[in-house]
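I opened a new structure today and kept notes as I went. Here is what I looked up, one entry at a time.

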Amino acid sequence: MLPTSTPSTSSTPQSPPAPFPTNFIEFHARFPNDEACRRYLLKLRWPTGFVCPACGTKQEPYDLGRDRLRCRVPECRAETTATAGTLFSSTRGPLLTWFLVMWEISSRKTGVSAVELQAKLGFSRYATVWIWLNKLRQVMVRPDRDRLAGEVEVGIVKVSGHGENGLRAFVAAQREGRRIGRIRLDTCEGDASADMIRFITETIRPGSTIIGQVASATADALRAIGYVVLMSEPVTSSATPRRVRLVGGHISKWLMGTHQGGVQKQHLGWYLDEYVFRFNRRSARSPGQLFQTLVKLAVQAAPRKAGPVSRSEEE
Ligand SMILES: [Zn+2]
């Protein structure tokens with residue numbers, strides 16, 4: 001269950017997989033400047049050698065300097081860069097700063113807040129680091145990820161705040177013996193029972209067994225499309241399955257601890273994505289593995305806007 005072993009790192013005799021740093025000293029030695037970061041991106045982007053994005057020819061390009069690469073095919077001669085079409089192409093910040101931010105995110109078990117990062121890396125503007133962090137959160141969950149399967153506990157938990165203003169999330173947690181396997185999360189607003197069906201069909205494969213406290217109409221609808229639905233283990237105080245409660249409790253603590261409880265409703269989805277990214281990779285052997293996965297996701301992602309900055313968030 002280590003997603004870093006995706007096919008794009010598969011080694012060939014010509015192209016060994018890009019090694020990742022295992023601690024900060026190695027990180028520092030490995031990435032002394034922007035050029036070293038750029039080389040790393042090229043390696044992750046084209047693990048078996050450069051392929052021209054315009055004509056598809058696999059051939060080493062001309063290196064024109066200043067991050068410009070030109071296709072050698074005479075009829076093509078298209079130019080590209082290491083960052084074109086990636087998360088990094090839409091910002092002017094030095095690549096090394098992006099790498100440091102990604103290292104901070106991956107090397108700390110509980111992540112890092114925008115306030116901490118601003119202080120540690122000396123960003124002059126809070127808004128910049130807030131946007132960078134949220135751009136990264138948006139690539140942490142791939143749209144084409146696998147759905148969970150087997151026995152999966154589902155439920156709705158409160159993750160932040162109280163009463164009407166509390167933020168809620170859908171949780172799906174795979175059973176793995178007594179342990180929690182992989183999880184999926186989503187924000188929960190409005191009509192929870194209609195959204196529960198959408199959440200389950202998006203995150204869990206039909207044929208799986210759903211354990212949860214769902215309305216009987218929801219259970220019937222799910223059975224009709226191929227799920228086995230068991231109501232949750234009885235006699236728990238909240239009737240929410242154990243793994244769902246545990247995950248909900250961890251998320252609340254994380255939002256209160258690392259993020260000081262300042263997450264706003266419209267951004268909760270991004271934080272949940274970061275939580276899933278960390279949780280499902282919690283057995284990674286080294287922080288460098290998480291770092292490499294994050295860089296890869298950023299390389300594969302089209303640039304996106306982080307939306308308006310929330311000044312109050314995390315402050
Ligand atoms: Zn070409």
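Predicted model: local features only at pLDDT ≥ 70, side-chain atom pairs only at ≥ 80, totals over all residues.

**Entry 1**

I started with the strands: in what order do the 5 strands of the open sheet sit? I read off S6-S5-S4-S7-S8, and the pairing is mixed. Next I wanted to know which strands stand at the edges. They are S6 (179–188) and S8 (228–231); each has a single partner strand, so one side of each has no neighbour in the sheet. I also noted the twist, which averages 25 degrees from one strand to the next.

**Entry 2: who pairs with whom**

I then went through some of the pairs. S5 (residues 167–176) runs antiparallel to S6, and 8 bridges join them. As an example I picked Ala-173, whose bridge partner in S6 is Ile-183.

On to S7 (residues 209–212): how many bridges does this strand make with S4? I found 4, in the parallel sense. S7 and S8 also run parallel, joined by 4 bridges. Ile-211 is the bridge partner of Glu-153, and in S8 its own bridge partner is Leu-230.

**Entry 3: a helix across the sheet**

I looked for what lies across the strands and came to helix H8 (residues 242–257). H8 lies across S4 (151–160), S5 and S6. Its direction is about 30 degrees from that of S4.

**Entry 4: helix H10**

Is H10 largely enclosed or largely open? I counted through the helix: 12 of its 14 residues are buried, so the rest of the structure largely encloses H10. Among the buried ones I jotted down Leu-290, Phe-291, Leu-294 and Leu-297. Gln-292 and Lys-296 are on the buried list too. Then I checked what does the covering, and it includes helix H2 (34–45), helix H3 (95–107) and helix H5 (126–139).

I also checked the length of H10, residues 287–300. From first C-alpha to last, H10 reaches 20 Å, close to the 20 Å expected at 1.5 Å a residue.

**Entry 5: H5 against H9**

At what angle do the axes of H5 and H9 cross? I got roughly 60 degrees, with the axes coming within 8 Å. That makes H5 oblique to H9. The crossing is left-handed. For the contacts, I listed Asn-134, Arg-137 and Gln-138 on the H5 side. They meet Trp-270, Tyr-271, Asp-273 and Glu-274 in H9.

**Entry 6: two loop residues**

First I looked up His-259, which lies in the loop between H8 and H9 (268–279). Is His-259 buried or exposed? I counted 21 other C-beta atoms within 10 Å, and 20 or more makes a residue buried, so His-259 is buried.

Then I turned to Arg-77, in the loop between strand S2 (68–70) and strand S3 (79–80). Its phi is near 50 degrees, a positive value in a residue other than glycine. Arg-77 has 14 C-beta neighbours inside 10 Å, so I put it down as partly exposed.

Terms used: Residues numbered from 1 in each chain as written. Pairing = 2+ DSSP bridges. Axes fitted to C-alpha atoms, helices over the stretch in contact; angles between N-to-C directions. Contact = placed C-beta atoms within 7 Å. Expected span 1.5 Å × (residues − 1). Parallel < 35°, antiparallel > 145°, perpendicular 65-115°, else oblique. Left-handed = near helix turned anticlockwise from the far one by under 90°.
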